[in-house]
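I opened my notebook to go through this structure step by step. Have a look at it with me before we start.

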Amino acid sequence: MNNKVILVVLDGLNFHIAQDCMGYVNGLVEDNQASLYKIQCELPSLSRPLYECILTGVKPVQSGIAHNQVTRRSQWESIFSLAKKNGRTTAAAAYHWVSELYNRTPYNAVEDRFTQNEALNIQYGLFYHWDHYPDEALFLDAEYLRRQFDPDFLLIHPMNIDDAGHKFGLDSRQYRNTARRADIVLSDYLPTWLAEGYQVLITSDHGMNNDHSHGGTLAEERDVPLFVIGQRFSHQASLVKQTEICGTVCELLGLSHDKAFPREILR
Ligand SMILES: [Zn+2]
């Protein structure tokens, strides 16, 4: 066991699709190695506002990151900034909006796609700006960062599930099959991560609707999964809020922080 954390944000993954289509991670739940919590995402159910919510614990109506076109940097302490302040190493393989929120904005692919700079909140980054950037490639990017730089906190943020939802809608074989493929990719990496003692959280920013979009208050847009896997988790029933993911990760990392987290979720 160590106190390192991997946070996987599968963009645009609805709770029921995660429950129905992701056989490997649900198999870990059945085998008592993982727990699945249903989370209601904060509002609006949009990507950039909820990246900020997951990574700072601040909901969009308070953070000021209220829609996807707000391109300024975050004004709050994040998992990245707190980890860096505590002398820990941070990394992310993520959509370029994450680089804009915590490193530099506007994103300049030539300068920012490959980031190695210990002065930044995200010290080691592999960022992308194509919604169809293959999830398989993104997970390889993340695994490169993990092996090369041994980060204490690693964010992994693939986009293909959300992309399939925008093209084909919630109730489509393409959306469901993209979730199934993500589950298979995860099954390639999770055994190694768990054997090396990482605490792993797998969640999503928001769900998807049948209008090929999201942003409102429908259950299918708001209900997202939170899988927690690792020895530090209690696997006790609990109500977890999206605003508490940040504090949970900070606590797992052993950071000094003032973020809220559900104590009963941890041992
Ligand atoms: Zn989307």
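Which backbone oxygen does the side chain of T248 reach? I found that the T248 side chain comes to 2.7 Å from the backbone oxygen of E244. That falls under my term polar contact, a pair of N or O atoms within 3.5 Å; within protein, one must be able to donate a hydrogen and the other to accept it, and residues adjacent in sequence count only if both atoms are side-chain atoms.

Before going on, I noted that this is a predicted model, where local features need pLDDT of at least 70 and side-chain atom pairs count only at pLDDT 80 or more, while totals for chains, interfaces and linings use all residues. Residues are numbered from 1 along each chain as its sequence is written, and side-chain values use heavy atoms, with hydrogens and water left out.

**Entry: around T248**
I located T248 in helix 12, residues 245-253. Helices are DSSP runs (H or I, at least four residues), numbered from the N terminus. T248 has a relative accessible area of 2%, so I wrote it down as buried (under 20% relative accessible area; exposed is over 50% and partly exposed lies in between, with a 1.4 Å probe and protein chains only). Leaving out residues up to four places away in sequence, T248 touches L201, F233, A260, F261, P262, I265 and L266; contact means heavy atoms within 4.5 Å.

**Entry: cysteines**
How many disulfides does a search of the whole structure find? I got zero, taking a disulfide as a pair of cysteine sulfur atoms within 2.5 Å. For C21, the closest cysteine sulfur is in C41 and lies 19 Å away, so it is too far for a bond. C246 is in no disulfide either, and its nearest cysteine sulfur, in C250, is 4.2 Å away. I marked C21 as buried at 8% relative accessible area, and C246 as buried at 0%.

**Entry: helix 2 and helix 10**
I looked up how helix 2 (residues 23-30) meets helix 10 (residues 173-195): their axes come within 7 Å and cross at roughly 50 degrees. Axes are lines fitted to C-alpha atoms, for helices over the stretch in contact, and angles run from 0 to 180 degrees between N-to-C directions. The two helices are therefore oblique to each other. Under 35 degrees would count as roughly parallel, over 145 as roughly antiparallel, and 65 to 115 as roughly perpendicular, with the rest oblique. On the helix 2 side I listed G23, Y24, V25 and L28, which meet D183, L186, S187, L190 and P191 in helix 10.

**Entry: helix 9**
Buried residues of helix 9 (residues 160-168) include I161 and A164. Its buried residues pack against helix 8 (135-149) and helix 10.
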